[in-house]
Amino acid sequence: MQHTILLLSLLAFLVVPALSQDIKKSDRTCRMVFPEKPDKAPSFVYLYDGKNNHKVYLSAVNFSDVIELESGDITLVMAPNPIDDPKAIPADYPRISVSERIRNFYLFLSIDQNNKKFPFRVQMINLDDGTFRPGNTLWCNFTQHRIAAKLGDSKMSLPPGKTTISGEPLSEDGYYIAQFLYQPNAAGEYRKITEQSWWFDADCRYVGFIADRGGALPKIYFFRDFRLPKEVIEAARRAEADGEDGLGANEPAPAAPGP
């Protein structure tokens, strides 16, 4: 319940109200992230956009691939299997409306214990409003502790159950020192969690989660949202359409050092 409340507050913080195979693909994209994926959760789900079923791998340690969606006002439905009949979609399947003007967003997944048929909740983070820019990190604190961090040139302080956005740790690509402290139950002295050297890519957005996993220290999860430049993707699609080897929008990010 605590995590559900946090994700709902994150919506109020960032979210506005509510694949064809040819070259002219939609420029609307999303990625899914499941920060506290249970061991028994499925590895794959399907995201239906009113026309296409997108098979999505749910990773516990990374974003999903980039998902290209239909344009216009759409309702996304998450399902355990492909949807063949739009008129027969079970009412319990998670769904979310996306207005035509939202072109780029994340879908955050959490467990909904009240949904016995398909126990997931889907919530949207809009990336088009200028609040969460490339180089920034969106932090979510799922613990009862206050978290403080020195991230290169940036600082972050995060009360229990809250979210915040930290700025760029560097002015350009490179390594920086990430230092994390926590204040147990938000009282008393701060204690060290970790100090690491992390890689920064100024063209990427990042999402960080702090959670309790039953260990001695809070656990930090850090996701890098790498996207190929639009012109590279378009050139690869044209090459693919011409029968040449291409590079798709979901091509994995080049190997880079990082957390």
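Four strands form an open sheet of mixed pairing in the order 12-9-15-16, where strands are DSSP runs of E of at least two residues, numbered from the N terminus, and two strands count as paired if DSSP finds at least two bridges between them. Strand 12 (163-166) and strand 16 (219-225) are the edge strands, each pairing on one side only. Neighbouring strands of this sheet are turned by 20° against each other on average, direction ignored, the axes being lines fitted to C-alpha atoms and angles running from 0 to 180 degrees between N-to-C directions. Within the sheet, strand 9 (residues 137-141) and strand 15 (residues 205-211) run parallel and are joined by 5 bridges; Cys140 stands opposite Phe209 in strand 15.

The model is predicted, with local features requiring a pLDDT of at least 70 and side-chain atom pairs counted only at pLDDT 80 or more, whereas totals for chains, interfaces and linings use all residues. Residues are numbered from 1 along each chain as its sequence is written, and side-chain values use heavy atoms, with hydrogens and water left out.

The pLDDT, the predictor's confidence in each residue on a scale from 0 to 100, averages 81 for the protein, and 78% of the residues score at least 70. Over residues 7-24 the pLDDT is below 50, and beyond near neighbours in sequence this stretch has 39 contacts in the model, a contact meaning heavy atoms within 4.5 Å.

With a disulfide defined as a pair of cysteine sulfur atoms within 2.5 Å, the count comes to 0 disulfides. Cys30 counts as buried because its relative accessibility is 0%, buried meaning under 20% relative accessible area, exposed over 50% and partly exposed in between (1.4 Å probe, protein chains only). Cys204, at 1% relative accessibility, likewise counts as buried.
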